[in-house]
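Hi,

Here is the structure I promised to pass on. Have a look at it first, and then read my notes below.

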There are 2 protein chains.
Amino acid sequence: MIFLYHKIAMEKYSRQRELIYHSLETRKDHPTAEELYLDLKEKMPEIGIATVYRNLSDLCQKGKIIKIKSKYGPDRFDGNLMPHIHFQCEQCNNIVDIELKSEEKEKIDNDLLAVLNKTDAILTTSEILLIGICKQCQNHGMN
Amino acid sequence: MIFLYHKIAMEKYSRQRELIYHSLETRKDHPTAEELYLDLKEKMPEIGIATVYRNLSDLCQKGKIIKIKSKYGPDRFDGNLMPHIHFQCEQCNNIVDIELKSEEKEKIDNDLLAVLNKTDAILTTSEILLIGICKQCQNHGMN
DNA sequence: ATTATAATGATAATCATTATCATTTAAGGA
DNA sequence: TCCTTAAATGATAATGATTATCATTATAAT
């Protein structure tokens, strides 16, 4: 006899997802999927790159991490959910967080909301990317 | 007798580049390379998609147009060089310009500069993308 | 222990973009 | 006008990043 029944789709634990998430939570940089994959392979040699992409994508959809569309090169991932903006160096392509004090964040949000109010859109989120030349690249010149 | 001499690399006119640039200058939306290609093919059936990508890339480097890294889907291109920010609808993926009055732009720039001054970076440019739900999608619900 | 199914890893497939290269075209003399 | 030169083109191969497929494994509940 066969019983057919529904089961609600539920997340099932996996060591891989745990590792991916924990790594992004603790790293301070913003690795690409491949950079993260190569790093995690050291701790877990059997991990596959598809698993990394799959979980990064899932974690983004659940809002647990953020995908950054890099101005140059492939997408990067960020486990920092605190209000912040990004700075990308146009020479070394590195992206660093710029943390915002709550008063700074409010000021910027207010400016942006004032601008958006002219339209009839609902604001979900905003992304600010500053682009320029970082300290190191100013000193070393072009590599 | 053969004379060898240098010639400064100089831009040579092409009907294709003219068409691509003029189209982006006048369009108010932000097409992807492929969308633009399909549109231009109607006026110039012999145009190739490589030519579109090539010229979009060149025009970007010369600062005559802007490449927008879309939150969803492939890159988009923008011929509007006036100070403005973008709004992308997370349901229909459309991107629209939000023009800034010079006082609004100044306010935002000042906020961002204040934040950046904590670092030692030089600011070249900034990109602001607002994400949310546009008027149409609020009315029609999810398609 | 059994069962159901979510998740994985290998890899094929896809999508967007860039590189290659033979041919065409624009521009500037002869 | 006719040459010459090199930039630009268009077709298409190649690449890079990401997603889909699918047989197998691992988790969690009974």
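Of the atoms of DNA strand C that lie within 4 Å of the protein, 73% are sugar or phosphate atoms, and the rest are base atoms. Before going further, please note that this is a predicted model, where local features need pLDDT of at least 70, side-chain atom pairs count only at pLDDT 80 or more, and totals for chains, interfaces and linings use all residues. Residues are numbered from 1 along each chain as its sequence is written, chains are lettered from A and ligands numbered from 1 in the order in which they are written, and side-chain values use heavy atoms, with hydrogens and water left out.

**DNA strand C**

There are 20 residues around DNA strand C, and the closest are A:Lys12, A:Ser14, A:Thr51, A:Arg54 and B:Tyr53. A residue counts as near a molecule or strand if one of its heavy atoms lies within 4 Å of it. Sorted by class, this surface has eight nonpolar, five polar and seven charged residues. Here Ala, Val, Leu, Ile, Met, Phe, Trp, Tyr, Cys and Pro are nonpolar, Asp, Glu, Lys and Arg are charged, and the others, Gly among them, are polar.

Which protein atoms approach the phosphate oxygens of DNA strand C? A polar side-chain atom of A:Ser14 is 2.6 Å from one phosphate oxygen. A:Gly48 places a polar backbone atom 3.2 Å from a phosphate oxygen, and for a polar side-chain atom of B:Asp75 the distance is 3.3 Å. The elements that give two or more residues to this surface are helix H1 (15-26) and helix H3 (49-61) of chain A, together with helix H3 (49-61) of chain B. H3(A) supplies the largest share, four residues. Helices (H or I, at least four residues) and strands (E, at least two) are DSSP runs, numbered from the N terminus.

**DNA strand D**

DNA strand D is surrounded by 19 residues, the closest being A:Lys12, A:Tyr53, B:Ser14, B:Thr51 and B:Arg54. Of its atoms within 4 Å of the protein, 69% belong to sugar or phosphate and the rest to bases. The surface near DNA strand D is made up of seven nonpolar, five polar and seven charged residues.

An N or O atom in the side chain of B:Arg17 sits 2.8 Å from a phosphate oxygen of DNA strand D. H3(B) gives the most, with four residues.

**Where the two chains meet**

The size of an interface is often given as the accessible area lost when the parts come together. Chain A and chain B bury about 3200 Å² between them, 60% of it on carbon and sulfur atoms; this is the accessible area (1.4 Å probe) that two parts lose on being put together, summed over both. In terms of contact (heavy atoms within 4.5 Å), 36 residues of chain A meet 36 residues of chain B.

How many salt bridges cross this interface? The rule, a side-chain nitrogen of Lys or Arg within 4 Å of a carboxyl oxygen of Asp or Glu, finds six. A:Lys71 forms a salt bridge with B:Glu127, with the closest N and O atoms 2.7 Å apart. On the side of chain A that touches chain B, S5(A) supplies the largest share, 12 residues. That side divides into 17 nonpolar, seven polar and 12 charged residues.

B:Ile133 is found in strand S5 (residues 122-133) of chain B. B:Ile133 is buried, with a relative accessible area of 18%; buried means under 20%, exposed over 50%, and partly exposed in between (1.4 Å probe, protein chains only). Leaving out residues up to four places away in sequence, B:Ile133 touches residues of both chains, including A:Ile122, A:Thr124, B:Phe87 and B:Cys89.

B:Leu24 lies in helix H1 (residues 15-26) of chain B, and is buried at a relative accessible area of 1%. Again leaving out residues up to four places away in sequence, B:Leu24 touches B:Pro31, B:Leu36, B:Leu56, B:Ile65, B:Phe77 and B:Gly79.

Best wishes

Technical notes:
Polar contact = N/O pair within 3.5 Å; in protein donor to acceptor, adjacent residues only side chain to side chain.
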